[in-house]
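This report describes selected features of a multi-chain model.

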Amino acid sequence: MTRLPAVSVTICVLLVIAALFGWALEPFTPDAADFAAVLVPPFGLEGGLAQHLLGTDQLGRDMLSRLIAGTHISLMTAGAAVAVAGTIGVVLGLIGGYLGGLVEAATMRLTDAFLALPFILMALAIVAALGPGIGNIILVMILTNWARYARLVRSEVLSIKQRDFVLLARVAGVRPLVIALRHVLPNALTSILALAVLDVGRAIVLESSLSFLGLGIQPPDVSWGLILAEGRTYMSVAWWLTVWPGLLIVLAVISFNTVGERLRGHFDPRSAL
Amino acid sequence: MPPDDAASPILTVRHLTVAFGPAHQPVRAVSDASFALAAGEILGIAGESGSGKTTLCAALIRTLPRLARTAGEALFDGRDLLRLSEREMSALRGSEIAMVLQNPMTSLDPLFTIGNQIDEVRRERRVALSAVELLRRVHLTAPELRLRQYPHQLSGGMRQRVLTAMATAAVPRLLIADEPTTALDASIQDEILLLFREIRDTAGCAIIIVTHDLAAIRRLCDRVIVMYAGRIVEEGPTGDIFRTPRHPYTRALLASLPRFTADEVILQAIPGQVPNLAELPAGCAFADRCTLVLDRCRREQPVAVAAGDRRRVFCWQAEADT
Amino acid sequence: MAMFITRRVGQTLVTLLLLTLMIFTLARLTGDPTPLVMPSEATDADRAFFRQEYGLDRPLPEQYFLFLGNVLHGNLGISFRFREPALGLVLQALGPTMQLAGIAMVVAIVIGMPLGILAAVSPVGRLAIFVRGYASLGQAMPSFWVALMLIMLFAITLRLFPSSGYGSVANFVLPSVTLGFYASASIALLTRANMAEALRSDFVQMERVLGIPWRRIVLKHALRNAAVPIVTYLGLQFGLLLSGAIVTERVFAWPGIGQLVVDAILNRDFPVVQASVLVTAVLFMAINLAVDLIYAVLDPRIRT
């Protein structure tokens, strides 16, 4: 296994922990308004308060708590989307690649069609049809992402299908499903994993973009993109409303991207830096 | 025509060593190689893969990677090739010293026509002959057509001729050819070898042919150098070496050429393996595989032993015999 | 060559067909538009008439073919909100978006390609590390955040450029840099990778040995060979820019398709959404097709 970059992995792990258990660490309830402490700057600056380390927003809600709550939703959404998209894509890729013929052609046309469309456009179309909200956002991300897994798995299947040990297995009467699971999948695992990790980064960006536009996560749920959108109006007087959530997004995406790139570099050395 | 011995050599290599990797455990691709090449002479460098022959050539024309450490000297026209600046070297390449690399299939830019690439060399080296004439010199059929074609439309043999034409366009004094026939069909190999001889005969160009194909060396070369694990082990006129090889490795190499009798093909491999270039023994590198090995061989590096008319062999056994 | 063109065009048409199917399905999923369009005092008879007019009472497959027919005639519906043909609105908004994407593309190439080439030619050292870091950052920062940060710095604090609007040259600067930044990172990475590979190829070594000057080798031979996949990517990138423009346009109040689409969604004006998605997707696919054809022109191995 490759040596993974320690810093990035640590950050990813910390984020996941925060997403899962952060609610225990939130100093305040994320949507508790406190009109006595509106637009308080971060601790350390003039006017800052110790109990509001990262400041408060226009309704007096504590930024740190909101960011932690946002971590939960943003990461869970991204994770769910990637997991389901990956599963669907892998299954379809296996089926299409292994069965070949008409099934494969049809699957590939479908995959190509989905890949040919820019994902934000599709996301917008789907949101327009089905409305915003966390469930639909996950659905959108699944629909825009599954195709890449299908294509990856299919090419792996094709390359392995030709190999001698597969031919031997078939001649020996081993069922196709077993061949697929025992031989194809393990070989493709690293690349699927690399793709998935990189996908988490993409999903985070997609979700925050949609939430920023008001088409994603809806209040009272909290997401990084939503915090950014809400803080935008007060940008000129309260920079911390937009800088913290943005930095978190960048940090998360860079960390996941670095880990994913390292995994990908392991199986396809040419694309590594 | 074989060259006149009395003429001073065009290239004199002394104690050339090329090493890679960490200083405490270097990989010595070439160790202490010394030889001289007369003007108009065809020299063959024979050896298996990993014997250091390609590295030796890369060192001469200075295309080794930056990490390589070179020692020794290579005098061409009184100038040490190893000490020249990149700019001075660049001026020599393609004009006085030329080289044809391995893999004719991938040595031409796939996106430009043959004519475009030949003209590029012609412009750079101010060659008066036209592209068509250059292609005719290497006996490429339908040269006008070839100029308009792309590399992928030509066969391996044709591409090799084109590359040779480009390398010899400016009439170099020294031409180095690395495995010129390896990637080609057997029927074409002979033609390419004859082409090289013709180049020497008409232009007086000295040629170094690097190959593991002993038959080719026998056909073409005036002298041959045999390399093993980065060192020269034997050197001399081709005919003499093939008739009476003195070094055990040379003997084994010649014995391993497939022999065809009426009933069967006899293949005789040399038992053992080439040593790891990062862990070369203090003594002769061939000691483990040598049938005539002496105690001294394992302890001391053999030195040159004169073995007849313009012959040298690096072997303690050979010294004992004289 | 003809075979190649036919095949590619065929593929594009199939994808387009699937696209229309998807749009149609989504449109029907939004439910019966009648209550949205008809005023509340409309009678049942009025509603029935409306349904008949728009073919909403026919079986679904028939509706699909009607829809397809309409699309081919350029009839993409009437905007619920503006009561104008949706296609017209979209085409009007296309102008500013294309301009923005175009300038952003230029910015991205001007920054990205030289960085990539330099990083490939001298792979060790500060430059390579810088390019790697730049590329990492560029790919991780969501465009709307870059936009906001740029606005905070250049529009609010330094007051150098306007934070929104459309019309003057100054208006172009911040939006195109925002859009171009992300693209320049990808372009730099791709250029570096392809150039590095080209510089390792046998013919580059051969050209060195022939005495051809290094600069010419890099810029004429290596770049040309590396360019083929890069050009393909540029086409793809333009399409991505078009969609990335959507978010950027919102932040800068740029009167392009992005604004149009998001407004339409928030106002449940589906014909406009439908028209925007269709037009942009068609544009995207046309660009990809054109790029594939250019690929064939640039690389003679494909067409001979």
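## Helix, sheet and chain contact

In this predicted model, the exposed residues Gly101(A), Leu102(A) and Ala105(A) lie on the face of helix 3 of chain A that is turned away from its buried side. Helix 3 of chain A comprises 16 residues (101-116) and spans 22 Å from its first C-alpha to its last, close to the 22 Å expected at 1.5 Å a residue. The buried residues in helix 3 of chain A are Thr107(A), Thr111(A), Ala113(A) and Phe114(A). Viewed down the helix axis, the buried residues of helix 3 of chain A fall within an arc of 160 degrees, so they line one face of the helix. Their packing partners are listed below.

| Partner of the buried residues of helix 3 of chain A | Residues |
|---|---|
| Helix 2 of chain A | 63-99 |
| Helix 5 of chain A | 134-161 |
| Helix 1 of chain C | 2-29 |

Chain B contains an open sheet of four strands in the order 2-1-4-5, with antiparallel pairing. Strand 2 (27-38) and strand 5 (79-80) of chain B each have a single partner strand and stand at the edges, so one side of each lacks a neighbour in the sheet. Strand 1 (residues 9-20) and strand 4 (residues 69-76) of chain B are joined by seven bridges; Thr12(B) has Leu75(B) as its bridge partner in strand 4 of chain B. Helix 1 (residues 53-61) of chain B lies across strand 1, strand 2 and strand 4 of chain B, at about 70 degrees to strand 2 of chain B.

Between chains B and C, 25 residues of chain B are in contact with 17 residues of chain C. On the side of chain B that touches chain C, helix 3 of chain B gives the most, with four residues. The residues of that side of chain B comprise eleven nonpolar, nine polar and five charged.

Key. Residues numbered from 1 in each chain as written. Chains lettered and ligands numbered in written order. Predicted model: local features only at pLDDT ≥ 70, side-chain atom pairs only at ≥ 80, totals over all residues. Contact = placed C-beta atoms within 7 Å. Helix = DSSP H or I, 4+ residues; strand = E, 2+ residues; numbered from the N terminus. Nonpolar A, V, L, I, M, F, W, Y, C, P; charged D, E, K, R; others polar. Pairing = 2+ DSSP bridges. Axes fitted to C-alpha atoms, helices over the stretch in contact; angles between N-to-C directions. Expected span 1.5 Å × (residues − 1). Buried ≥ 20, exposed ≤ 12 C-beta atoms within 10 Å, placed from the backbone. Arc of directions from axis to C-beta.
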